[in-house]
Amino acid sequence: IKGENLNGVYSANEFLTRINLMKAYKEGSATPIKAGTKAVIVGGGNVAMDAARCAKRLGAEVYIVYRRTEAELPARAEEVEHAKEEGIIFKFLTNPIEIEATEDGWVKSIHCQQMKLSEPDASGRAKPVPIEGAFVDIDADCVIMSIGTSPNPLIKSTTEGLDTQKWGGIIADEDGLTSKEGVYAGGDAVTGAATVILAMGAGKKAAAAMDKYMQSK
Ligand SMILES: Cc1cc2nc3c(=O)[nH]c(=O)nc-3n(C[C@H](O)[C@H](O)[C@H](O)COP(=O)(O)OP(=O)(O)OC[C@H]3O[C@@H](n4cnc5c(N)ncnc54)[C@H](O)[C@@H]3O)c2cc1C
């Protein structure tokens, strides 16, 4: 959306990496981070909950804006519960359309369209649709975008004969074998964003299959 390159806008991955791995939560850190006084997190997944709670612990008042309702939040119920307990404020049926700037190029507010849910479609999922003329502005000095990830396109674009899904995921069978002989894949690059345990499981299966393949040569 317009304004995503303003000062004070982060991707959730950058925000969390700087806090957790680069110790930006410490005073005098070499890579300080500003969670601001009022932070808005865009998205409703587990990573959005992580970012919200980190921003809260850095002292900001924190809002999560999500375009559907609580029932459709993709985050685990436990993560949502913990976020609420920590004082995160949820704004449901709210879809950001522009981040507005101060004169010197910092985030000032986030302009959002209010939504309603349509009747469920063939897939059984209700679609959020805009309520005509209904907008809301939320003041913020920090915005954290947490709207999902997709595989790095480099391998797909440089590996001839490697079949991938439309969204970029590598196609692999149960054992991790891809469309190329002797090439195996697993984890998020195959399933899309998932969990550590699933990635580890795929790694173990692929390792066994690779061993078998090499022994047969
Ligand atoms: C903020 C956040 C919080 C999360 N919290 C949880 C949680 O609480 N519990 C949980 O189970 N899961 C969590 N996840 C999900 C979990 O991190 C992933 O599902 C898991 O890391 C997937 O493992 P992977 O090995 O498939 O991919 P990754 O861990 O992403 O590893 C892929 C590796 O490949 C490297 N790579 C990419 N392209 C290339 C290339 N061309 N050449 C060489 N190397 C390359 C990358 O640098 C990376 O090191 C979280 C994810 C995020 C982003």
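The bounds of the domains come from an automatic or database domain assignment. The model examined here is predicted.

**Exercise 1.** Determine which domains supply at least three residues each to the shell around the ligand.

*Solution.* Step 1: list the shell, which consists of N13, L16, V47, D50, N152, I155, G187, D188, A194, T195, V196 and A199. Step 2: consult the domain bounds; domain 1 (9–145) and domain 2 (154–215) each contribute at least three residues. Step 3: classify the residues, which gives six nonpolar, four polar and two charged.

**Exercise 2.** Find how far polar backbone atoms of D188 and A194 lie from an oxygen atom of the ligand.

*Solution.* Step 1: for D188, the distance is 2.8 Å. Step 2: for A194, a backbone N or O atom lies 3.1 Å from a ligand oxygen. Step 3: T195 also places a backbone N or O atom 3.4 Å from an oxygen of the ligand. Step 4: turn to area; the ligand alone exposes 1,000 Å², of which the protein buries 41%.

**Exercise 3.** Decide whether the ring pair Y10 and F15 is stacked, edge-to-face or tilted.

*Solution.* Step 1: the ring centres are 5.6 Å apart, and the cut-off for a pair is 6.5 Å. Step 2: the planes meet at 55°, so the pair is tilted. Step 3: check burial, for which the limit is under 20%; Y10, at 10% relative accessibility, is buried, and F15, at 0%, is buried too.

Methods
Residues numbered from 1 in each chain as written. Predicted model: local features only at pLDDT ≥ 70, side-chain atom pairs only at ≥ 80, totals over all residues. Heavy atoms only, no water. Phe/Tyr/Trp six-rings, centres within 6.5 Å; stacked < 30°, edge-to-face > 60°. Buried < 20%, exposed > 50% of the residue type's maximum accessible area, 1.4 Å probe, protein only. Near = heavy atom within 4 Å. Polar contact = N/O pair within 3.5 Å; in protein donor to acceptor, adjacent residues only side chain to side chain. Areas by Shrake-Rupley, 256 points an atom, 1.4 Å probe, with all protein chains shown as cover. Nonpolar A, V, L, I, M, F, W, Y, C, P; charged D, E, K, R; others polar.
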